[in-house]
Amino acid sequence: MNTETATGLDKQTKDIVKSTVPVLEERGTEITKRFYERMFENHPELKNIFNQTNQRKGDQSKALANMVYAAALHIDNLEEILPAVQPVAHKHKSLNIKPEHYPIVGENLLMAIREVLGEEIATDEVLAAWEKAYGEIANVFISIEDQMYQEDENQPGGWTGFRNFKVKRKVKESDVITSFYLEPADHHPFPAFKPGQYITVKADIEGEAYTHRRQYSLSIAPNEGVYRISVKREEALDENPDGVVSNYLHDHVEEGDIIPISAPSGDFVLDTDDERPLVLLSGGVGLTPMMSMLESVVEWQPEREVIFIHAARSGKFHAMSDRVRSIDRDYKQVTTYFVYDSPEEEDEGKYDKKGYVDYEWLKSVVPTNDAAFYFCGPKGFMKAIYQSLAKYEVSEEDIHFEIFGPQTDITNS
């Protein structure tokens with residue numbers, strides 16, 4: 001994989017691109033918001049690929065703005081942006097983004113830069129430099145994604161694009177989370193996955209103008225003979241409507257139905273070469289990748305100490321609690337804690353702490369900062385966990401999380 005493509009840019013081009021760093025830092029999200037508007041106006045068929053809810057929330061615009069800014073900042077050496085490229089490339093692969101999509105993105109991004117900044121700032125010279133730079137950056141993504149597609153295609157039972165899976169079981173886990181156990185409709189082999197990875201579900205829903213694609217973490221250990229996703233019903237909140245796909249899955253998809261899915265993707269995965277204590281923290285539906293990691297580590301590393309912490313609103317919203325308790329009973333190296341912020345009367349004895357996972361409590365139940373920490377959940381939860389781990393002086397290399405949108409949403413104090 002060749003990522004040193006920016007060496008193909010002349011010094012003048014790189015200098016011009018770097019000169020735009022301050023304005024990208026200030027107005028990057030404004031540019032990328034206009035970019036998405038333009039792209040969907042000119043290519044409405046791409047609404048079949050991109051999550052329109054994330055467009056409304058602005059998460060996608062912020063994530064892209066961060067990427068454009070980082071690329072401009074490190075245009076001399078694109079190796080520097082690889083940590084940011086990898087998770088995005090995984091998402092692109094899971095959505096079936098192909099090389100032919102990149103020129104569409106480039107054209108609309110350049111025009112958005114011109115529209116937002118105006119011709120005095122976004123001169124012909126600036127746009128020409130960015131056109132060259134975008135070509136190099138796109139080649140980095142295309143190269144990485146091509147390698148990922150080939151790996152999917154070449155592994156036993158692997159595939160690219162979407163493959164039909166049948167719902168073998170549908171299990172209600174809590175008042176808001178339901179699990180779907182999936183097996184190939186063609187009964188042919190299918191690959192295992194790494195604990196923490198996700199799949200994309202493609203849903204063609206009656207009455208919806210476009211196909212919807214949503215990513216859901218796999219919530220079971222690999223090699224169980226099925227894939228399992230555990231989906232939270234997303235209800236309307238503030239200006240955001242009900243979750244189209246989550247409600248469709250809850251209300252209309254039953255055992256025996258067919259769901260097209262992508263091959264597993266994602267680089268937020270459990271490192272089983274590390275033998276130090278493992279701390280898994282989750283909030284709400286962020287439980288799903290943690291369950292895959294928990295069910296895997298007890299089988300693969302039976303001597304490794306595991307501390308599992310889950311935060312939920314109350315018992316009614318706590319999924320898979322019985323399964324976690326059974327693992328706690330069966331494996332002496334596992335210690336579990338449940339935190340409820342709004343417990344009800346019938347929850348008495350089912351939780352270890354009322355309120356939230358705060359620094360003082362976390363430090364009291366995790367006796368060392370020399371451990372591997374993995375966490376997932378709502379942004380507010382993740383920000384609090386990140387700040388607590390930073391205060392606990394946990395090494396950055398030991399802090400692992402997955403978030404949609406810019407990492408600064410949780411890493412900024």
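Me: What makes both faces of β7 count as covered?

Reply: Look at the residues on each side. Leu278, Leu280 and Ser282 lie on one side, Val279, Leu281 and Gly283 on the other, and all are buried. Buried means under 20% relative accessible area, with a 1.4 Å probe and protein chains only. In a regular strand the side chains alternate between the two faces of the sheet. One caution: this is a predicted model, where local features need pLDDT of at least 70, side-chain atom pairs count only at pLDDT 80 or more, and totals for chains, interfaces and linings use all residues. Residues are numbered from 1 along each chain as its sequence is written, and side-chain values use heavy atoms, without hydrogens and water.

Me: How do you know that β7 pairs with β8?

Reply: Two strands pair if DSSP finds at least two bridges between them. Six bridges join β7 to β8 (residues 306-312), so they pair, and they run parallel. Val279 stands opposite Ile307 there. Strands here are DSSP runs of E, at least two residues; helices are runs of H or I, at least four.

Me: Which strand pairs with β7 over five bridges?

Reply: That is β11 (residues 372-376), again in the parallel sense. Val279 has Phe373 as its bridge partner in β11.

Me: Why are β10 and β12 called edge strands?

Reply: The open sheet runs in the order β10-β9-β8-β7-β11-β12. β10 and β12 each pair on one side only.

Me: What makes α9 a helix that packs on the sheet?

Reply: α9 touches β7, β8, β9 and β11. Contact means heavy atoms within 4.5 Å.

Notes:
Buried means under 20% relative accessible area, exposed over 50%, partly exposed in between (1.4 Å probe, protein chains only). Axes are lines fitted to C-alpha atoms, for helices over the stretch in contact, and angles run from 0 to 180 degrees between N-to-C directions.
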